[in-house]
Amino acid sequence: MGSIDAITDKAQNLTIVTGTGPLTADELIDWVQQYYAGEVTRFILWDLTKATLSAISFEEVEAHAKSFNRLTGPRQGGRSAFVFDSDLEYGLGRMYQALSEIENVPIEFQTFRDIDEARQWLGLDDAGTALAGADEA
């Protein structure tokens, strides 16, 4: 069982999510549902470089992408960046990105192997600034 932790940087309208260990689709879906029940930010940076998603099937990725539209209202026009360092997880991220586009989810998703590239795509300041004054989510 893995863990998902998050911090919020209100100044940059950013949530930084860090996943570690083996994560299941249910764990990710539970986190997303809890997140959308609270205060959301325009940008989410998913640091999944220390997570393992090998227990997640294509069908689970597809089901999540199809059901995601009902949650996204508060973040319409937002961006989410996924950062992975393994080929399997990177492939799952790209698959989710493609399925979300097919389902017309009104949030942009992009998958990266480098956290600095993800931050740049999100239009954020350098890493030190984002964490300064961040609140635990």
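**Entry 1**

I started at N13, which comes out partly exposed at 33% relative accessibility. I am working from a predicted model here. N13 sits in the loop between β1 and β2. I checked its backbone and found a positive phi of about 55 degrees, although N13 is not a glycine.

I then looked up N104, in the loop between α3 and β5. N104 also is not a glycine, and its phi is positive at about 55 degrees. I get 62% relative accessibility for N104, so it goes down as exposed.

**Entry 1: overall layout**

I stepped back to the whole chain. I count 5 helices and 6 strands in the secondary structure. Reading from the N terminus, I get the order β-β-α-β-α-β-α-β-α-α-β. The protein has 137 residues, and 45% of them count as buried. The protein exposes about 7,000 Å², and carbon and sulfur atoms supply 50% of that.

I also looked at contacts between residues at least 6 apart in sequence. Of these, 77% join residues at least 24 apart.

**Entry 2: helix α1**

Next I went to α1, residues 25-37. It has 13 residues and reaches 18 Å from its first C-alpha to its last, close to the 18 Å expected at 1.5 Å a residue.

I wanted to know which residues of α1 are buried. My list is A25, E27, L28, W31, V32, Y35 and Y36. They lie on the same side of α1, because they cover an arc of only 165 degrees around the axis. On the other side of α1 I find D26, Q34 and A37, which are exposed.

What do the buried residues of α1 pack against? I find β1 (3-9), β2 (14-22), β3 (43-52) and α2 (58-67).

**Entry 3: the cores**

The largest nonpolar core has 29 residues here. I noted W31, Y36, W46 and F68 as those with the most contacts inside it. At least two residues of this core come from each of β1, α1, β3, α2 and α3 (87-102). Helix α1 gives the most to this core, with 6 residues.

Leaving out residues up to four places away in sequence, W31 touches I4, A6, T15, V17 and W46.

**Entry 4: salt bridges**

How many salt bridges are there? I get 2.

In one of the pairs, E108 forms a salt bridge with R79, and the closest N and O atoms are 3.2 Å apart. This pair links distant parts of the chain, with E108 in strand β5 (residues 108-112) and R79 in strand β4 (residues 79-83), 29 residues apart. E108 is partly exposed, with a relative accessible area of 41%. R79 is partly exposed too, at 22%.

I also have D87 with R113, where the closest N and O atoms are 3.2 Å apart. Here too distant parts of the chain are linked: D87 is in helix α3 and R113 is in the loop between β5 and α4 (115-122), 26 residues apart. D87 has a relative accessible area of 58%, so I call it exposed. R113 counts as partly exposed at 44% relative accessibility.

I looked up S80, which lies in strand β4. Is S80 buried or exposed? It has 1% relative accessibility, so it counts as buried. Not counting residues up to four places away in sequence, I find S80 touching I44, R75, I107, E108, F109, Q110, W121 and L122. E108 is on that list, and E108 is also the salt-bridge partner of R79.

My last stop was E117, in helix α4. E117 is partly exposed, with a relative accessible area of 44%. I checked E117 against A81: they are 36 residues apart in sequence and 9.5 Å apart in space, C-alpha to C-alpha.

Technical notes: Residues are numbered from 1 along each chain as its sequence is written. This is a predicted model: local features need pLDDT of at least 70, side-chain atom pairs count only at pLDDT 80 or more; totals for chains, interfaces and linings use all residues. Side-chain values use heavy atoms; hydrogens and water are left out. Helices (H or I, at least four residues) and strands (E, at least two) are DSSP runs, numbered from the N terminus. The expected span of a helix is 1.5 Å times one less than its number of residues. Buried means under 20% relative accessible area, exposed over 50%, partly exposed in between (1.4 Å probe, protein chains only). The arc is that of the directions from the helix axis to the C-beta atoms. Contact means heavy atoms within 4.5 Å. A nonpolar core is a set of buried Ala, Val, Leu, Ile, Met, Phe, Trp, Tyr and Cys residues joined through side-chain atoms within 4.5 Å. A salt bridge is a side-chain nitrogen of Lys or Arg within 4 Å of a carboxyl oxygen of Asp or Glu. Accessible areas come from the Shrake-Rupley method with a 1.4 Å probe; for residues, only the protein chains shown count as cover.
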